[in-house]
Amino acid sequence: MNLQITSRPSWLVGLGVGAIVAPALIALFFLGERIAGLPFLPFDVFDAIARTLPGGVITFGIDRMIDVLTLLGLGANLDTAAKTAEHIIGIVTFAILLIVLVGALFGLLNRLNAPYKRVALASIVWGAMVGGLLVLLSLAINRSATAEITLQIVWILLLMVGWGMVLGNVYQALCQLAPVEGVPKVKVESIDRRQFLVRLGGATAAVTVLGTGLAEFLNLTGGGDEPQSVGTPDEMLVDGKGNPMPNANDPLQAALGTRREYTPVAEHYRIDISSLPPSIDGDTYQLPIGGEVENPVTLSLADIRALPSIESFITMSCISNRIGGNLISTTKWTGVPFKEIINLVKPKEGVVSVMITGADEFDEFVSYDLLQSDERIMLAYEWDDKPLATRNGFPLRVHVPDRYGMKQPKWITNIEFVTRKGEGYWVRRGWSEEAIVNSTSVIDTVAADAVFKRGGQYFVPMGGIAWAGAKGISKVEVRVNEGQWQEARLRAPLSDRTWVIWRYDWAFAEGTQRVEVRCYNGEGELQTDQVNSPRPDGATGIHSKNATLSAANLEGV
Ligand SMILES: Nc1nc2c(c(=O)[nH]1)N[C@H]1C(S)=C(S)[C@@H](COP(=O)(O)O)O[C@H]1N2
Ligand SMILES: [Mo]
């Protein structure tokens, strides 16, 4: 039967159809990621956009996001909440992209006056074209997918062609048809558009629910590679080998509510440029170390582990940590001293710096002078005596003392000795070139629930952390309501590169109290009270906290 189209769905209807179909497509991508390690396109698109935007825009965006999360009371797990927010933005962005593409397809079919029979083919071609672009984008950016590359390509094309087919069918179903002139009248079945769209919505809702549900189910039973749950506080008094902490005998107890001195790895903050961490197979891992050297080498993980090792308790902070924030953590790092690598490869005359690149193409330069003079710099493969977790850089990351995290690539896949200085990933985006740690101190708690009585006087314990990178902390002072600065007591730190836990027992007084803290580094230098935001050189300023104390806090003491 020869039919001609008398009315077509507008591009606006296309946008609506796009919105109805998008969740199902995203759910299928999600399912593929969970079951078979296939690329999750929404994150790839998001990551590609994030890499291309100018540094200032990204920082502004992250800043506002952190503001919102803090307002929502999600500040306690800021890095996790921020990642989740990023994930949501990624999915929404991808959905919008799909919606616009369907609007464009419908508009195009209308503009071309596409004959009824051609619609299906045109839509499939449209899906294949979009799919092809997405394949290129995913291949360029995705480092977390573990499936075979061919499978990844086939999967993306298959879903996008399928998407095009569905769109073609929907477009056709939404057309009003009439027999071509001259042909004897036949009864044309006309469908109710609204009813059709409701049915389409029902179908995609079913696919979405089934897809995400199945993916979640498989994820639960299959187990992810995220670190497992945390131990009890008692368990944390030992390291991953079961050895007591080096300061286990220190008599000073942290004030109730102070953060843990030794961060469980699962609770270590996490900051990456990618939506999902790159996944690297430790068994086939090969690290090329070359450039301007006499003896370039390629090392397996076993080769690296066979080299002499060092270990240290280390506090690391993100340069974007705010004063009082929690993008700072402490654990034990084990690895090979970078000096060993230098001895192995024998750099040539004229080497100025070493470029270290991660699987996500994050890179940083470390000055060769520094690498030669600081024997503590290491290529680390263990945290808390266990191989690095995927999200924390498995199989290899670098530690450079006294620098913020941005100078220290994870998932290292290449090391190159070069005869020039260079700017790393975040430096190119306007952040500090040296990223040397600022001295900062934080009040974690004014422990109104832990008031105690000594010599007829009530005291409120207060406590927190102070950190000055590799320079150590010599003194912490506290003052209340702008009174005299009083010296706090310090726990012996886990090492000369970790934060110090401080405590001050303050003579109880009722009312609202404003508490402030400041620290002196190991060289006796007082931290600045000048308020600087994290960008570009890391946050500075005095941390303060308001605490309201009342007679109720004395009950039962
Ligand atoms: N390859 C790679 N290395 C990286 C990053 C990254 O995004 N990619 N982020 C850096 C930043 S900004 C910080 S603060 C630390 C965080 O390390 P963590 O996530 O293990 O705590 O890793 C650094 N190394
Ligand atoms: Mo960072």
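**Cavities in a predicted model**

Guide: In this predicted model, the second largest cavity has a volume of about 80 Å³.

Visitor: Why is this space called a cavity and not a pocket?

Guide: A cavity is a set of points where a 1.4 Å probe fits but cannot get out, whereas a pocket is an open set. The search of the whole structure finds 3 cavities of 30 Å³ or more.

Visitor: What makes Asp 44 a lining residue of the second largest cavity?

Guide: Lining residues have an atom within 4 Å of a point. Asp 44 is among the 13 lining residues, so Asp 44 meets that cut-off. Asp 44, Asp 47, Asn 142, Ser 144 and Leu 276 lie nearest the centre of this cavity. Helix α2 (residues 41–52) gives the largest share of the lining, 3 residues.

Visitor: How do you know which domains the lining of the second largest cavity draws on?

Guide: At least three of its residues come from each of domain 1 (3–222) and domain 2 (265–418). By class, the lining has 5 nonpolar, 4 polar and 4 charged residues.

Visitor: What is the volume of the largest cavity, and which residues are closest to its centre?

Guide: The volume of the largest cavity is about 160 Å³. Of its 19 lining residues, Ser 317, Asn 321, Arg 322, Ile 328 and Thr 440 are the closest to the centre.

Key. Residues numbered from 1 in each chain as written. Chains lettered and ligands numbered in written order. Predicted model: local features only at pLDDT ≥ 70, side-chain atom pairs only at ≥ 80, totals over all residues. Heavy atoms only, no water. 1 Å grid on protein atoms, 1.4 Å probe; cavity = no way out; pocket = protein on both sides within 12 Å on 5 of 7 lines; lining within 4 Å. Points joined across faces, edges and corners; volume = space filled by probe spheres on them. Helix = DSSP H or I, 4+ residues; strand = E, 2+ residues; numbered from the N terminus. Nonpolar A, V, L, I, M, F, W, Y, C, P; charged D, E, K, R; others polar. Domains from an automatic or database assignment.
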